[in-house]
Amino acid sequence: MEVKGAPGVGSYGFQGYAVGVPGNLAGPPAQNQPPGAGGAIWMPAPPPPLYCPPGLEYLTQIDQLLIHQQIELLEIITGFETNNKYEIKNTLGQRVYFAAEDTDCCTRICCGPSRPFSIHVIDNLGHEVISLQRPLRCSSCCFPCCLQELEVQAPPGTPVGYVVQNWHPCLPKFTIQDEKRMDILKIIGPCVVCSCCEDINFEVKSIDETCTVGRISKQWTGFVREAFTDADNFGITFPMDLDVKMKAVMMGACFLIDFMFFEHGTDNKQRAGVWQ
């Protein structure tokens with residue numbers, strides 16, 4: 001999807017470098033693969049453009065990401081919440097990144113889906129290229145002074161953007177900010193974030209909310225998987241020429257949305273909206 005001249009986006013969200021890759025370019029060998037890589041085919045690394053954080057050059061070549069949460073057998077059998085793990089792929093099915101949550105057992109048990117977390121995103125060489133940091137915050141719009149926030153670092157230790165929940169009486173709303181805390185994009189979800197047999201879409205819009213520039217979709221995975229696991233599939237679409245930093249922040253927003261609305265709580269229920 002390509003969006004030109006979206007009002008309210010300005011020069012922050014989009015960049016004008018070329019994204020073509022010579023046909024004879026070969027990516028680095030997929031060595032030192034992270035745990036759980038198996039026989040996955042990794043996306044070759046394109047040459048990094050100027051001013052691109054290391055590891056984010058993969059994002060210059062794509063306008064869509066597929067995020068598949070791995071099913072944990074121990075979690076299904078025992079009901080014990082384990083650290084989440086995700087495969088992040090392009091539309092060709094090539095793995096772009098692998099993401100793994102890093103929280104302790106006590107935090108997962110006591111805080112459930114509202115838990116603070118660190119998610120480490122690694123590339124095909126096993127290098128951590130993105131770090132997602134979620135502090136402990138309120139999970140309900142009943143407390144508008146302490147809503148959800150996520151910091152995206154690329155490389156780890158260097159903030160490139162933030163996802164900030166906005167108070168709204170009935171809609172899930174978020175603002176995507178750059179490293180200087182300037183508002184870049186908005187994310188607006190449906191009033192009720194649960195449905196049957198269809199995808200649930202969170203629209204990514206310009207700051208003035210007049211133009212749709214992307215989408216984060218929680219994909220329907222079937223009755224069995226939806227009923228017995230909280231392993232979700234997501235799709236993210238964005239303009240090809242969107243700043244790679246903002247692409248990384250949109251990916252972080254997807255993980256935050258997953259934890260806020262689609263993870264099972266201690267009562268084995270998911271949140272249905274901003275008030276639950």
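Predicted model: local features only at pLDDT ≥ 70, side-chain atom pairs only at ≥ 80, totals over all residues.
What is the peptide bond from A154 to P155, cis or trans? It is cis, with omega near -5 degrees. As background, most peptide bonds are trans.

Next, backbone angles. Most residues other than glycine have a negative phi. I have two residues with a positive value to show you.

R181 is one of them, with phi near 70 degrees. Its place is the loop that runs between β8 (173-178) and β9 (183-188). The relative accessible area of R181 is 40%, so we call R181 partly exposed, since that class lies between 20% and 50%.

E209 is another, not a glycine either, and its phi is about 65 degrees. You will find E209 in the loop between β10 (200-205) and β11 (212-219). E209 is also partly exposed, because its relative accessibility is 31%.

Last, N84, in the loop between α1 (73-78) and β2 (85-89). Is N84 buried or exposed? Buried, because its relative accessibility is 2%, and the cut-off for buried is under 20%.

What does N84 touch? Leaving out residues up to four places away in sequence, N84 touches Q69, A99, A100, E101, R115, F259 and E263. With Q69 there is also a polar contact, side chain to side chain, at 3.2 Å.

Key: Residues numbered from 1 in each chain as written. Heavy atoms only, no water. Helix = DSSP H or I, 4+ residues; strand = E, 2+ residues; numbered from the N terminus. Buried < 20%, exposed > 50% of the residue type's maximum accessible area, 1.4 Å probe, protein only. Polar contact = N/O pair within 3.5 Å; in protein donor to acceptor, adjacent residues only side chain to side chain. Contact = heavy atoms within 4.5 Å.
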